[in-house]
Amino acid sequence: MKNIAIIINSSPHGSAKGREALDLALALSALNHITVIFIDKGIFHLLPDQHPDLILMRDYIATFNMLELYDIEDVYVSESALKSHNLSDFTFNITTKIINHYDLNQLLDEQDVILTF
């Protein structure tokens with residue numbers, strides 16, 4: 001079993017990166033310990049009530065609820081990203097743990113593989 005961190009730092013709906021990260025996390029969770037980390041513009045995946053159909057994109061954001069069903073419990077959001085986008089007091093569509101820069105670096109040091117999307 002490997003410790004794999006999946007970092008999502010791209011905004012939703014502008015590319016397939018977020019959906020690919022989610023698909024990979026779910027697929028790898030059967031044999032590995034998965035940690036999902038939202039940083040930079042990736043935190044926008046956590047916002048509810050998005051309407052990607054208006055730009056002719058598929059709504060996959062609700063699928064992030066599957067993380068819990070696949071026993072992916074280590075889901076983090078960057079504290080500095082929340083502050084820089086004024087989202088510190090926002091309610092997200094999935095359960096996350098807020099992580100500061102120091103703890104994030106420690107967490108990443110413990111990983112066998114780090115994948116960035």
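Hi everyone. A word before we start: what you see is a predicted model.

Let's begin with the overall layout. The protein chain has 4 helices and 5 strands. If you follow the protein chain from the N terminus, the elements come in the order β-α-β-α-β-α-β-α-β. For its 117 residues the globule rule gives a radius of gyration of 13 Å, and the value for this chain, 14 Å, is close to that, so the chain is as compact as a globular protein of that length. If you like to picture a box, the C-alpha atoms fill one of roughly 40 × 30 × 20 Å along the principal axes.

Now the surface. The protein chain exposes about 6,800 Å², and carbon and sulfur atoms supply 51% of that area.

Let's go inside. Of the 117 residues, 43% count as buried. In soluble globular proteins, nonpolar side chains tend to be buried together. Here, the largest nonpolar core has 25 residues, and the members that touch the most others are I6, V36, F38, F64, L67 and I72. Which elements supply at least two residues each to this core? They are β1 (3–8), α1 (17–28), β2 (33–38), β3 (74–78) and α3 (79–84). Helix α1 gives the most, with 4 residues. Apart from this core lies another one, of 9 residues, including A5, I37, I39 and I99.

Do find V36 in the structure. Leaving aside neighbours within four places in sequence, V36 is in contact with I6, I8, A25, L67, I72, D74, V75 and Y76.

My last stop is S29, in the loop between α1 and β2. Is S29 buried or exposed? Buried means under 20% relative accessible area. S29 has a relative accessible area of 14%, so S29 is buried. Again leaving aside neighbours within four places in sequence, the contacts of S29 are I34, Y70 and I72. K2 is 27 residues away from S29 along the chain, and their C-alpha atoms are separated by 10.0 Å.

Notice that I72 has come up with both residues: I72 is in contact with V36, and I72 is in contact with S29 too.

How values were computed:
Residues are numbered from 1 along each chain as its sequence is written. This is a predicted model: local features need pLDDT of at least 70, side-chain atom pairs count only at pLDDT 80 or more; totals for chains, interfaces and linings use all residues. Side-chain values use heavy atoms; hydrogens and water are left out. The radius of gyration is taken over C-alpha atoms; the globule rule is 2.2 Å times the number of residues to the power 0.38. Buried means under 20% relative accessible area, exposed over 50%, partly exposed in between (1.4 Å probe, protein chains only). Accessible areas come from the Shrake-Rupley method with a 1.4 Å probe; for residues, only the protein chains shown count as cover. A nonpolar core is a set of buried Ala, Val, Leu, Ile, Met, Phe, Trp, Tyr and Cys residues joined through side-chain atoms within 4.5 Å. Contact means heavy atoms within 4.5 Å.
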